[in-house]
Amino acid sequence: MQSVNFSPDDNPNQQRVYNIQDAAILHNASINVVHVGVRYRSLEALRDVSCVIKPGRLTGVYGPNGAGKSTLMKAMLGLVDSSGTVLYQGKPLTQQLEKVAYVPQRSQIDWTYPATVWDVVMMGRVKKTGWLRSFSGVSRRLAKSALERVGMSEYRNRAIGQLSGGQQQRVFLARALAQEAEIFCFDEPFVGIDQKTQTVLFEVFEELAKAGKTVLVVNHDLGETTTHFHDIILLNRQIVASGSRRQVLTEENLYSAYGGKVMYFSDAA
Ligand SMILES: Nc1ncnc2c1ncn2[C@@H]1O[C@H](COP(=O)(O)OP(=O)(O)O)[C@@H](O)[C@H]1O
Ligand SMILES: [Mg+2]
């Protein structure tokens, strides 16, 4: 039987070789990004991007500004035109968007929108209940416990625009939790937040991964956030490397992705 090298382990010395049927089963549960390309007019933002994003693990996407990180997330969710294929459990992800919670980059959210914290979290329930039907007791309970989980219950009647960056990010995390998604996509959630919010975010991400969810988080600064991720996708218009943190965070890969701009390298990986 044909063998493929499929190595989920952190330790490169313990690479396991699965047969192709095992690999197909593991692949099926994952998100498979296959030959994805995106053009914005004359700019080739992504070229031939292929990678696997596995459930039950925290996956970080890293790369410098303009590397196409947000574009990759948007292409996966059908928010920009792209070539190639993105599958989840063997079927196009864009046909299963009800399984996805997506929190865009802060700069893409209209913070003047007149919504309270409670409104924002309940918006996570819209697809489950529909705008025209009243929100069910289940939705209210889920929204309430999500706000409690991120420590924002006492702010439920505040306008979202009045909160600090960290508080806003926690409210969007609560919305994602209320959505009961299988796939969680966050674009630069750590920008402009406080330490407490960062701790809450990573705690919740880890809980989600332990519950078998797929958690994908875009970051741009390399730093101590890398140590929280099991898997890393290093991007610079194309894939520089992807796989377990230890395999990906090598000096050579970081140099390819960030060039001379790398200020950080340690054996923290
Ligand atoms: N809607 C758009 N139209 C034209 N160019 C865009 C658009 N969105 C992003 N770009 C360009 O595509 C490249 C990748 O952008 P982006 O995915 O936002 O990168 P990152 O998130 O890694 O900083 C950048 O050069 C950016 O200027
Ligand atoms: Mg971005």
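## Helices H5 and H6

Helix H5 (residues 137-149) packs against H6 at an angle of about 140 degrees, and their axes are 8 Å apart. Axes here are lines fitted to C-alpha atoms, for helices over the stretch in contact, and angles run from 0 to 180 degrees between N-to-C directions. That makes H5 oblique to H6; angles under 35 degrees count as roughly parallel, over 145 as roughly antiparallel, 65 to 115 as roughly perpendicular and the rest as oblique. H5 passes H6 in a right-handed crossing. A crossing is right-handed if the near helix is turned clockwise from the far one by less than a right angle, and left-handed if anticlockwise.

On the H5 side the contact is made by Leu142, Ala143, Ala146, Leu147 and Arg149, and on the H6 side by Ala174, Leu177 and Ala178. Two residues are in contact if their C-beta atoms, placed from the backbone, lie within 7 Å. By class, the residues of this contact of H5 with H6 are seven nonpolar, no polar and one charged. Ala, Val, Leu, Ile, Met, Phe, Trp, Tyr, Cys and Pro count as nonpolar, Asp, Glu, Lys and Arg as charged, and the others, Gly among them, as polar.

## Model and chain

This is a predicted model, in which local features need pLDDT of at least 70, side-chain atom pairs count only at pLDDT 80 or more, and totals for chains, interfaces and linings use all residues. Residues are numbered from 1 along each chain as its sequence is written, while chains are lettered from A and ligands numbered from 1 in the order in which they are written.

The chain has nine helices and twelve strands. Helices (H or I, at least four residues) and strands (E, at least two) are DSSP runs, numbered from the N terminus. Of the 269 residues in the chain, 37% are buried. A residue is buried if 20 or more other C-beta atoms lie within 10 Å of its own, exposed if 12 or fewer, and partly exposed in between, with C-beta atoms placed from the backbone. Among contacts with a separation of 6 or more, 65% join residues 24 or more positions apart.

## Helices H6 and H7

Helix H6 (residues 165-178) also packs with helix H7 (residues 195-210), at an angle of about 20 degrees and with axes 9 Å apart. That makes H6 roughly parallel to H7. The contact involves Gly166, Gln169, Arg170 and Leu173 of H6, together with Lys196, Thr197, Val200, Leu201 and Val204 of H7. These residues of the contact of H6 with H7 divide into four nonpolar, three polar and two charged. H6 passes H7 in a left-handed crossing.

## Ligand 1 and helix H2

The residues around ligand 1 are Tyr40, Leu43, Ala45, Gly63, Asn65, Gly66, Ala67, Gly68, Lys69, Ser70 and Thr71; a residue is near a molecule if its C-beta atom, placed from the backbone, lies within 6 Å of it. Strand E4 (43-53) and helix H2 (69-76) are the elements that give two or more residues to this shell, and H2 gives the most, with three. The shell has four nonpolar, six polar and one charged residues.

Eight of the eight residues of H2 are buried, so H2 is largely enclosed by the rest of the structure. H2 is followed by Gly78, whose phi is positive, near 75 degrees.

## Single residues

His35, in strand E3 (residues 31-40), has a positive phi near 50 degrees, though not a glycine. Arg237 lies in the loop between strand E11 (231-236) and strand E12 (238-244), and its phi is also positive, at about 70 degrees.
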